[in-house]
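Hello,

Here is the structure I promised to pass on to you. Have a look at it first, and then read on for my notes.

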Amino acid sequence: MEVHNPATGEEVGRVTVDSADEVAAKVDRLRQHQPEWEAIGPAGRKRWLLKLQDWLIDNTDHLADVLQSETGKPRMDALIDPGFAVDLIGYYARRAGKFLADEHPSPHSPLARVKRLTTVYRPYPVVGVITPWNFPLAMPALDVIPALAAGAAVLLKPSEVTPLSALELARGWSEIGAPPVLSVSTGAAETGAAVVNTVDYVQFTGSTRTGRAIAAACAERLVPYSLELGGKDPALVLADADLDRAAYGIAFGGLFNAGQVCISVERVYVEAPVYDEFVTKLTEHVRELRQGADGRESRYDIGALASHAQRDVVTRHVDDAIAKGARAVTGGRPTGVGTFFEPTVLVDVDHGMACMTEETFGPTLPVMKVADEAEAVALANDSIYGLSASVWTGDRARGERIARQLDAGAVNVNDVFANLFNFALPMGGWQQSGVGARWGGAEGLRKYCRKQAVTAPILPTQQKELFWFPYSTRKLGFALTAMRAAGARGLRRLGVRDVINTVGGKGK
Ligand code: NAD
């Protein structure tokens, strides 16, 4: 399979396409090595993960070169991926011991105090990680690292559009001499489907359409999964907002990585009194942005789209909006070079247009005037998606109050993407934006584990427990009365009501 630079069309690499048999063979090998990986525990794994972190830092320039070659990103966008991975490794490698430690919950009833209770976190042996093309190194790393930290082995299936960076990640893992618990299978949908059919847990990031197919396949096999899917994130600009910050923040939130970010700002609602001023500020700023393909020297803000297919989606959304009465106050067309599309601000838009309802995943910012906060919230919630949102206001309490009215997995007040860079928070989408959370705090590791309940006696044991055979009314009656005494309310607790019923001839 050939890999191309979308900015120039140049072929930059070739990868093999793994068949179902090759995928199964890789999973078998991972299964053999995983028990040892689990056995070295969080402290042993931390050593390898921090070595990988060093490798990523030492190889950042090379990694950014590879990443630019397969995406057409500007240098600054390309440098985000290794930096993000380094940060996440630090978080999970150092906290895995605490997050995965055995827990000893208090027994729910005094009767159960005769046991020591333990919840043990045991990893799924092999986790399949399937990723999209928008961040070819970060997307794989952000899922591979927590799964490895949890003690699972990982088979990674990167996007067929951008497989080279994922192969670099695996090269780094073997170059540091780490145990062979990370493999990559390159290929397209069929290879991905083979991964889903073989692993013990599926972590998927990509489109809602593919996510649905993966969920169905996992249901068939009864294996668990977590899905991070598409989004149509709204930004709500209220009349009391700092409009300069809102314009800069929303321009970055919508156009970073040429808009190819799951949590990019895809639609903007602005309260009527500040609408004109906001649109002027946003447009002036977007017009200043520099677009093009650079190398190691950082010269541009916005790069190419990842594929011709992606550029065609963006073109369709903008053309549809303009045909229905919208105006492009800046941009609005493909540049004619490679897959570049001009950074675009659209006005006079409404929810009858694809640009306000379907995921665009491109450098467009459609802006709509709303009467007030209530209309902004209602329109923001008028979506099948629910990944994240932003609220721009001069009043933090108001922003936090509005956040609780929005149907989204994350809300940033006066900022974009901030939730993504705070690993202690869950990163998950609501509605058709996902199932489960991709990472975040202890749950980000525990999701890759099966919880095991272990009980062991604290006191010396008798030959038999009260419940065991043969049944005896006296022993069983005593046990049931004790259970009721521990759990029930009022007279029922003491069994007095039963006594009264029996004496009164009502029986039980
Ligand atoms: P995609 O769904 O087309 O492909 C994603 C991955 O799934 C690729 O590796 C692909 O080969 C694989 N795949 C395709 N069909 C498969 C199947 N039947 N079984 C198993 N694997 C299969 O998505 P894409 O076009 O690569 O990425 C863009 C999408 O990803 C957008 O919708 C975007 O919103 C979403 N995304 C979401 C997040 C998030 O965190 N929520 C992050 C990045 C991208």
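**What I found**

The protein has 508 residues, and 54% of them count as buried. Please keep in mind that this is a predicted model. Its secondary structure comes to 18 helices and 17 strands, and the C-alpha atoms fill a box of roughly 90 × 55 × 35 Å along the principal axes.

Let me start with the charged pairs. Side chains of opposite charge can pair when their charged atoms come close. R75 forms a salt bridge with D65, with 2.7 Å between the closest N and O atoms. Since R75 lies in helix α4 and D65 in helix α3 (residues 60-71), this pair ties together parts that are 10 residues apart in sequence. R75 counts as buried because its relative accessibility is 2%, whereas D65, at 27%, is partly exposed.

D65 also forms a salt bridge with R296, where the closest N and O atoms are 2.5 Å apart. R296 sits in the loop between α10 (272-288) and α11 (308-323), so its pairing with D65 in helix α3 ties together parts that are 231 residues apart in sequence. R296 counts as exposed, at 52% relative accessibility.

Another salt bridge joins R398 and E373, with the closest N and O atoms 2.9 Å apart. R398 is in helix α14 (residues 396-403) and E373 in helix α13 (residues 373-380), so to speak distant parts of the chain, 25 residues apart. Both R398 and E373 are buried. Salt bridges with shared partners bring D240, E271, E373, R398 and R401 into one network.

Now to the surface. K46, R94, R95 and K98 gather there in a patch of positive charge. Helix α4 (residues 75-99) gives the largest share of this patch, three residues. R95 lies in that helix and counts as partly exposed, at 34% relative accessibility.

There is a nonpolar surface patch too, of about 510 Å², made by L111, F467, W468, L480 and M483. W468 belongs to the loop between β17 (449-457) and α16 (473-487), and is partly exposed with a relative accessible area of 47%.

K157 is found in strand β5 (residues 153-157), and a polar atom of its side chain lies 2.8 Å from the backbone oxygen of G187.

Best wishes

Terms used:
Residues are numbered from 1 along each chain as its sequence is written. This is a predicted model: local features need pLDDT of at least 70, side-chain atom pairs count only at pLDDT 80 or more; totals for chains, interfaces and linings use all residues. Side-chain values use heavy atoms; hydrogens and water are left out. Patches are made of residues with over 30% relative accessible area and no salt bridge: like charges are joined within 9 Å, nonpolar side chains (Val, Leu, Ile, Met, Phe, Trp, Tyr) within 5 Å. Accessible areas come from the Shrake-Rupley method with a 1.4 Å probe; for residues, only the protein chains shown count as cover. A salt bridge is a side-chain nitrogen of Lys or Arg within 4 Å of a carboxyl oxygen of Asp or Glu. Lys and Arg count as positive and Asp and Glu as negative; His and the chain ends are not counted. The place of a charge is taken as NZ of Lys, CZ of Arg, CG of Asp or CD of Glu. Helices (H or I, at least four residues) and strands (E, at least two) are DSSP runs, numbered from the N terminus. Buried means under 20% relative accessible area, exposed over 50%, partly exposed in between (1.4 Å probe, protein chains only). A polar contact is a pair of N or O atoms within 3.5 Å; within protein, one must be able to donate a hydrogen and the other to accept it, and residues adjacent in sequence count only if both atoms are side-chain atoms.
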